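Hello,

Here is the structure I said I would pass on. Please open it alongside this note.

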Amino acid sequence: MSLKKNIQRIKQMMGLDRADSKEFDDPERERFTCQDCGNYDYKMYMVNDDLWKEYGNDNLTLCKSCFEKRIGRKITKDDISQHKDAPVNFLNPELKDLYNENINQLRDIINEGYIKLSSEEMKQIDAVVPMLVDALSGEYLGDGKYKHITGIIFNSADGTNTITNIYIGNNLNEKVLNAYAFYAPNDKRNPFDNIIIFQQFNFIKFFSGRQYWDEFKSEGGENIGIELVRKNLIHELIHAKDPNSNHKFDDEEYSNTIESIYYKSWKEFKAITGQFLNTISYNIDRNYNIDVDKILDALDNILKVYAGEVKKFNQNAINLLQGSSIKSSYFVVNSYIADIIMVRTHNPEGYKKYLRELYKTIEALKTTINKKSKTLE
Ligand SMILES: [Zn+2]
Ligand SMILES: [Zn+2]
């Protein structure tokens, strides 16, 4: 269709053009009249090119129900997969069910298994943590002020490649007042429009001030702050990778401040458990020089704790979970335990899934470690 005609049609649709001129109106109407039934007032849609080539027509004029008669069945989500992001499809109320079906399947896939960070993403986290620590421990930006730090390129769990921008800031809104960091998807139709914000005022005590000197310095000091930045960055990046949290859909009840809702939410489930599982794998990689037997013992202990066989993490597990750089503080490891206990309380169905994932993850890690240590012998 020519640009001129296109503009004309849009004008007509908006009621800006009275379409008095019959000569213009009729050929236009013709162009959009369903060739099979004569309806000229149907909703536009786009099916995959090969399907249209086989069953469609050259002037692109078949209403949905006539097209379905031609193919002898209803249009399915696979028939529009090529143009699933096209507004004529995405915004078409007649195709809504197909999208819901898509979305539900996606949700099932995502709810099974945990969102793993790729080694590319972990590398970026390693590079970003010192930048964040630098900015967070620097001069106070001021209430309500933000500073852009950098961006992380990532792959969403549904395959979209995109970026999240990282800020430090001081957002005093009560919804995020107690958060170390939070994720904001902003425009849900635009996967590029999402940000992670680290709350500067909540980190100050880990890098300076009286509390730092009194409580933390003797127990591993600023390493606690660093590990906390890392833990939160992993958590928020999982939110970014999760289409439930990011751009595709988001219809479950959610609250940052009401614990029972927060820990019941599936997107928090994925961020909390994913952050823990990613940390185990990651810490094994970064502490590869640690005694293999100690790592294996730590993994067994972690499994026993969550299976309810033993009450506490042993020293090997603690060292593994919070990084060997923190000697005697339980701060970081306690925050992992507290989060997952809350999941067990508020999302028991999720907790069962978590146990299965934990078991699978630990078994896979043990196999890798055993293989590695054999080749080293
Ligand atoms: Zn028709
Ligand atoms: Zn979260």
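This is a predicted model: local features need pLDDT of at least 70, side-chain atom pairs count only at pLDDT 80 or more; totals for chains, interfaces and linings use all residues.

Strands

Start at β4, residues 195-199. This strand is mostly covered, with four of its five residues buried. β4 pairs with two strands. One is β2, residues 161-169, which runs parallel to β4 and is joined to it by five bridges. Look at glycine 169 there: its bridge partner in β4 is glutamine 199. The other is β3, residues 181-184, which pairs with β4 in the antiparallel sense. Four bridges hold that pairing. In this case alanine 184 stands opposite isoleucine 195 of β4.

Helices

Next, α15, which covers residues 331-346. The helix has 16 residues, so at 1.5 Å a residue it should span 22 Å. Its end C-alpha atoms are 23 Å apart, which agrees.

Which residues of α15 are buried? Val332, Ile340 and Val343 are among them. These three cover an arc of only 65 degrees around the axis, so they sit on the same side of α15. As background, an α-helix has 3.6 residues a turn, so residues three or four places apart point the same way.

α15 also packs with α12, residues 266-286. Their axes are 10 Å apart, at an angle of about 140 degrees. Roughly antiparallel would need an angle over 145 degrees, so α12 and α15 count as oblique to each other. The crossing of α12 past α15 is left-handed.

Best wishes

Methods: Residues are numbered from 1 along each chain as its sequence is written. Chains are lettered from A and ligands numbered from 1 in the order in which they are written. A residue is buried if 20 or more other C-beta atoms lie within 10 Å of its own, exposed if 12 or fewer, and partly exposed in between; C-beta atoms are placed from the backbone. Two strands pair if DSSP finds at least two bridges between them. The expected span of a helix is 1.5 Å times one less than its number of residues. The arc is that of the directions from the helix axis to the C-beta atoms. Axes are lines fitted to C-alpha atoms, for helices over the stretch in contact, and angles run from 0 to 180 degrees between N-to-C directions. Angles under 35 degrees count as roughly parallel, over 145 as roughly antiparallel, 65 to 115 as roughly perpendicular and the rest as oblique. A crossing is left-handed if the near helix is turned anticlockwise from the far one by less than a right angle, and right-handed if clockwise.
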